Amino acid sequence: MLNIYNKQRRGFISVAFRQNSTRKHENNILKSVYKDLPVTNYTVNDFVWENLDRWPDKTATVCAITGHGYTYAQTHRMSVTFAAALRNKIKLQTNDKVAVILPNVPEYPCTILGILQAGCIASMMNPIYSSEELKHQIQLINCKALVTSKISYQNVRKALSELKLDIPVITTDNEILPGAVKFAELAEDFNIDTSCLKSVHRSPKDLAILPFSSGTTGLPKAVVLTHQGVVALNQQIAYPEIVAIKETTATYQPVLPAILPFFHIFGFNAVMMNQMSMGAKLVTLPYFKPELFLKTLVQYKADCLFLVPPMAIFLGKHPAVTPKHLETLYSIICGAAPLSASDIEAVIAKNKNINFRQGYGLTETNGAVSIAKNLDVTHDSVGYVLASSEVKIVDLQTQEALGPGQEGELWYRGPNLMSGYYGDEEATKEVLTEDGWLKTGDIGRYDDNKYLYVTDRLKELIKVKGFQVPPAELETVLRTHPKVLDCAVLGIPDPSSGEYPKAFIVTQQGVNLPEEEILDYVNSKVAVFKKVREVQFVKEIPKNAADQLLAWLASPRHALASPRFVIIRVYIR
């Protein structure tokens, strides 16, 4: 038992904790350094609105472009009204699936929380997806309604037409789009009878959201995440040793520019759900443009950022980013792919007060497996395993759990784990073991101090004469060269060695970098079998279109798709 504040934080109560223990005795299991999670019966809505009475008049969301936004009280009221409208006007029933195909807009939380309040299931989809991509996802989840905007409207309509599917389409735009219902007409009809919601009963074990993951192979898969799993993750990352933002009070509210897309599990949980549960102001950015992003940091006096590596590299290396842009920041958390210590130090050099940390996770784990503690300076690590959770590093041949310092496939077990892939039992069996381990497909290790390191993707290892060469290791070395802006390393088929590493280099603007200089630089730092044999200079690195976050960032409307930037492989799938 442990004494903690009650949900209004006006007194202490005793609560039980989930026990962090293996189901059977196993050697070489990496356990969490954090106290076990409290046992709760919260749904997602319970968790997010737990402290609503502490900050009803604080801004919940505001658009970085228009300045339009909502307070917490308005967001809560609109979500309840929207829920009632979904039941009464749209005629949805419990467990109906609703697709949310939106960029980051102030209405996004109202939409998601309203869908869940109505007893339905929300499935977040990428708003820049083509009609073909949307068709696959809409059909897979047996969608009963859609919430979208004019950005995606034509593709949505085309997808529905080709599927011969006649379902309600709700749009968040002010203008009327043909055949669509305006979100405002549903969420702002405060005369609607909300008594229908009294009959809606959701338990922690009920399905809450269906985000999409590329999984290990094949088409994107819908990941089954329950209310219990979503809440567990949000509790895990809200621990005092981890939490990224300072507490909201009557006189202070932390500001977080929401640049990570809400449709992706990283943006959904770490940015939207978790920060709203703590009363932060979310400044929504519907797309990434350097000028808008930097202006937002200064205009809104940003306190905290959640980023992916290309954004962190932009802040650290781009000459347009000055210490002035970062002067109010005290916390940055980066995830989705490993970031080198030198790239982190480049950001900190512009503001030494920034607490910069890395984390690691997958859609299948609600977005997180591990995160570094506050003020931790072990920058090349992804931190400690989350509370009530376990990791083991498995030998690729023997499936034996390895000890500290040894690399293998990373397996994870914890309360934030998915139930499986929706409608795909075969794919579920491929990654979930009978005793509850998720085979992540990532290569990693841990050290004697329980720090976890993620080094590469299993399927991306380069095989050189039987030896395994992690591309990310070579990329980390290459990116420390002062003339290299970014890079990627791939395996090239070779009849004598099987494969060999080839480096694709994006140079700093205006510099001359001979191939021999790069080869000498990297090959002097690695073992013989890891040596790069070939270099190709490119204006841009091809993006992995299968990954949702990469696809969003690689959109032509986003500046990170320009030749000056590379989006490296992503570990949150």
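Mentor: Threonine 59 has threonine 71 of β5 as its bridge partner. Strand β4 (residues 59-63) and β5 run antiparallel and are joined by three bridges. Two strands are said to pair if DSSP finds at least two bridges between them. Strands (E, at least two residues) and helices (H or I, at least four) are themselves DSSP runs, numbered from the N terminus. The model is a predicted one, in which local features need pLDDT of at least 70 and side-chain atom pairs count only at pLDDT 80 or more, while totals for chains, interfaces and linings use all residues. Residues are numbered from 1 along each chain as its sequence is written, and side-chain values use heavy atoms, with hydrogens and water left out.

These two strands belong to an open sheet of four strands, ordered β5-β4-β15-β14, with mixed pairing. Strands of a sheet pair through backbone hydrogen bonds, either parallel or antiparallel. The edges are formed by β5 (69-71) and β14 (255-258); each has a single partner strand, so one side of each is left without a neighbour in the sheet. On average, neighbouring strands of this sheet are turned by 15° against each other, direction ignored. Angles are taken from 0 to 180 degrees between the N-to-C directions of axes, which are lines fitted to C-alpha atoms, for helices over the stretch in contact.

Helix α8 lies across β14 and β15 (281-284) and runs at about 150° to β15; contact here means heavy atoms within 4.5 Å. In helix α8 (residues 265-277), 13 of the 13 residues are buried, so the helix is largely enclosed by the rest of the structure. Buried means under 20% relative accessible area, exposed over 50%, and partly exposed in between, using a 1.4 Å probe and protein chains only. Glycine 279 follows α8 and has a positive phi, near 80°.

In soluble globular proteins, nonpolar side chains tend to be buried together. A nonpolar core is a set of buried Ala, Val, Leu, Ile, Met, Phe, Trp, Tyr and Cys residues joined through side-chain atoms within 4.5 Å. The largest such core has 139 residues, of which Phe293, Phe306, Leu315 and Phe356 touch the most other members. A second, separate core of 23 residues includes Ile121, Leu146, Tyr153 and Val224.
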